[in-house]
Amino acid sequence: MITAEQKPLKEIIEYISPYDRILLVGCNECVTVCAAGGRKEVGLLASALNLHFLKQGRTIDIKEITLERQCDPEYVEELISEIDRADAILSMACGCGVQTIVERYKEKPVFPAVNTKFMGASESQGIWAERCRGCGDCLLGITGGICPVARCSKQLLNGPCGGTSNGMCEIAPDVECAWCLIWERLKALEMEKRYEEIMEAKDWRPAGGGGPRKIIREDLSL
Amino acid sequence: MKTESKLEKVLASGALAVTSEVGPPRGAIPEKMREKASLIKDHVDAINITDNQTAMVRMSSWAGGVIIKLMGLDPILQMVTRDRNRLAMQSDIIGAYSMGINTMMCLSGDHVKFGDHPMANGVFDLDSIQLVQMVRKMRDEGKFQGGADIKSPPKMFIGAAANPFADPFELRVMRLAKKVKAGADFIQTQCIFNLNKFEKYMEMVCDRGLDEQVHILAGITPMKSVGMARYMKNKVPGMDVPDEVIKRMEGVSKEEQPEEGIKIAIESIQRLKEAKGVHGFHIMAIEWEEKVPQIVEKAGLFPRPVL
């Protein structure tokens with residue numbers, strides 16, 4: 001999923017200070033799972049903002065809404081009944097959600113309330129870690145199911161580098177060396193020989209090097 | 001001969017090669033390059049010019065290389081994939097070769113986290129093995145990485161690094177084999193302090209016949225103090241400094257420690273001269289270049305062959 005973290009309150013306040021009526025929009029998908037921008041976080045942020053402005057002797061009107069999926073125009077359409085009563089929109093979805101609102105409601109300023117972080121998975125309660133860079137040409141089938149693009153600090157396709165120490169990466173003692181993980185996996189699968197095959201220079205076009213990416217499914221489009 | 005490289009000629013003659021390195025200055029101080037290179041010029045066959053080492057901005061490797069080339073010396077252009085994509089690397093290789101640099105080292109480079117621009121984005125369009133492949137393709141096939149023909153291709157003698165001490169040990173020879181397969185002509189190793197482990201590594205290298213496919217230069221670093229030895233043991237990732245070495249440095253007075261460090265370096269060379277597959281030495285005297293001549297002489301590697 002896409003992970004996110006709420007922005008510092010100060011930054012959010014700076015965005016919305018010029019406005020009196022705010023539409024605060026959460027999302028029921030990824031940001032709900034990583035507890036950054038679901039219904040609960042929308043409520044908490046609204047309270048924090050109300051309190052801040054009250055202390056300044058100002059009341060602002062914050063309308064809370066959490067959409068099923070903010071990156072989908074169909075659900076973003078649901079804001080139509082509220083949009084006229086808002087001076088600005090504060091989105092707690094990932095960057096995709098923010099921009100879907102921007103495209104639909106061009107006349108309103110839209111601000112992000114979270115920093116979109118990465119595509120990751122939950123390692124344990126409250127911990128999410130990066131697992132995929134969306135390089136567009138998945139290598140997991142030949143790397144024992146561990147991604148060197150997302151998980152090697154140098155993105156090496158023929159690692160490990162000389163900085164590995166006890167299975168950990170040189171950049172931090174709590175970062176596992178992706179190539180040690182790959183090697184352990186290849187050994188367990190008795191695929192050690194695969195390690196010696198050189199992975200050729202990667203074509204970064206599918207990874208975004210060729211410009212903004214798009215998927216067009218003619219079988220699905222209307 | 002694949003190239004005009006002096007290092008290639010020395011290695012082909014069967015003599016033990018000696019290389020060392022000069023780190024370019026952090027400013028427009030060309031005389032600093034000349035000064036450092038002058039200290040070692042008669043005692044080495046070629047001089048590595050580091051490329052933004054430890055991820056700190058310095059004079060570029062090719063410019064530093066040209067400065068010492070103009071002194072009649074033989075620079076080894078170091079190139080890390082951290083700071084440039086394949087276009088920039090290929091243009092720098094052509095540029096350096098056009099200025100008479102014919103030997104290079106292909107590296108991935110220290111992570112930007114360790115340098116003075118930790119906020120920079122590491123490029124890593126290629127890794128070090130893919131860089132070796134690219135330089136070989138430019139030389140042997142006369143083609144750019146993208147496939148187009150090169151008019152008058154650069155002919156580089158190609159080096160790569162190996163760290164016999166990083167984890168996992170069992171993978172280290174396989175990784176070397178990959179670098180050889182990619183096209184490395186010579187290897188400079190990480191600093192060797194654990195000689196037993198290195199000799200075991202070399203046995204494994206020879207068992208696979210890699211010693212006949214690539215020239216391995218053993219990395220030697222003299223230690224200035226027990227503090228430096230401890231720092232390397234505890235703080236530098238992938239470095240193996242055995243307790244005996246620390247104890248030996250501790251066993252002499254502070255004033256005698258630099259001399260002891262040099263003694264250890266000389267003894268290491270003398271012992272590794274006998275190791276099958278070791279074709280020379282790469283002496284990394286970090287900010288201590290003036291000691292290189294003494295080490296080379298006392299290790300019996302002087303005078304250098306004249307070719």
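**Helix packing and chain shape in a two-chain model**

Tutor: In chain B, helix 5 (residues 128-141) packs against helix 6 (residues 169-182) at an angle of about 20°, and their axes are 8 Å apart. The axes are lines fitted to C-alpha atoms, for helices over the stretch in contact, with angles from 0 to 180 degrees between N-to-C directions. This is a predicted model, in which local features need pLDDT of at least 70 and side-chain atom pairs count only at pLDDT 80 or more, while totals for chains, interfaces and linings use all residues. Residues are numbered from 1 along each chain as its sequence is written, and chains are lettered from A and ligands numbered from 1 in the order in which they are written.

Student: How do you know whether helix 5 of chain B and helix 6 of chain B are parallel or antiparallel to each other?

Tutor: Angles under 35 degrees count as roughly parallel, over 145 as roughly antiparallel, 65 to 115 as roughly perpendicular and the rest as oblique. The angle here is about 20°, and helix 5 of chain B and helix 6 of chain B are therefore roughly parallel. Helix 5 of chain B also passes helix 6 of chain B in a right-handed crossing, a word used if the near helix is turned clockwise from the far one by less than a right angle, with left-handed for anticlockwise.

Student: Which residues of helix 5 of chain B and helix 6 of chain B meet?

Tutor: I129(B), V132(B) and Q133(B) of helix 5 meet K178(B), K179(B) and A182(B) of helix 6, where contact asks for C-beta atoms, placed from the backbone, within 7 Å. By class, this contact has three nonpolar, one polar and two charged residues.

Student: What makes helix 8 of chain B and helix 9 of chain B parallel or antiparallel?

Tutor: Helix 8 (residues 226-235) and helix 9 (residues 243-250) of chain B pack at an angle of about 160°, with their axes 9 Å apart, and that makes helix 8 of chain B roughly antiparallel to helix 9 of chain B. Helix 8 of chain B brings V226(B), A229(B), R230(B) and K233(B) to the contact, while helix 9 of chain B brings V245(B), I246(B), M249(B) and E250(B). By class, there are five nonpolar, no polar and three charged residues in this contact. The crossing of helix 8 of chain B with helix 9 of chain B is left-handed.

Student: Why is chain B called compact?

Tutor: Chain B has eleven helices and eight strands. Its radius of gyration is 18 Å, close to the 19 Å that the globule rule gives for 307 residues, so chain B is as compact as a globular protein of that length. The radius is taken over C-alpha atoms, and the rule is 2.2 Å times the number of residues to the power 0.38.

Student: How many residues does the contact take from chain A and from chain B?

Tutor: The contact takes 24 residues from chain A and 26 residues from chain B. By class, the side of chain A that touches chain B has eleven nonpolar, nine polar and four charged residues.

Note on methods:
Helices (H or I, at least four residues) and strands (E, at least two) are DSSP runs, numbered from the N terminus. Two residues are in contact if their C-beta atoms, placed from the backbone, lie within 7 Å. Ala, Val, Leu, Ile, Met, Phe, Trp, Tyr, Cys and Pro count as nonpolar, Asp, Glu, Lys and Arg as charged, and the others, Gly among them, as polar.
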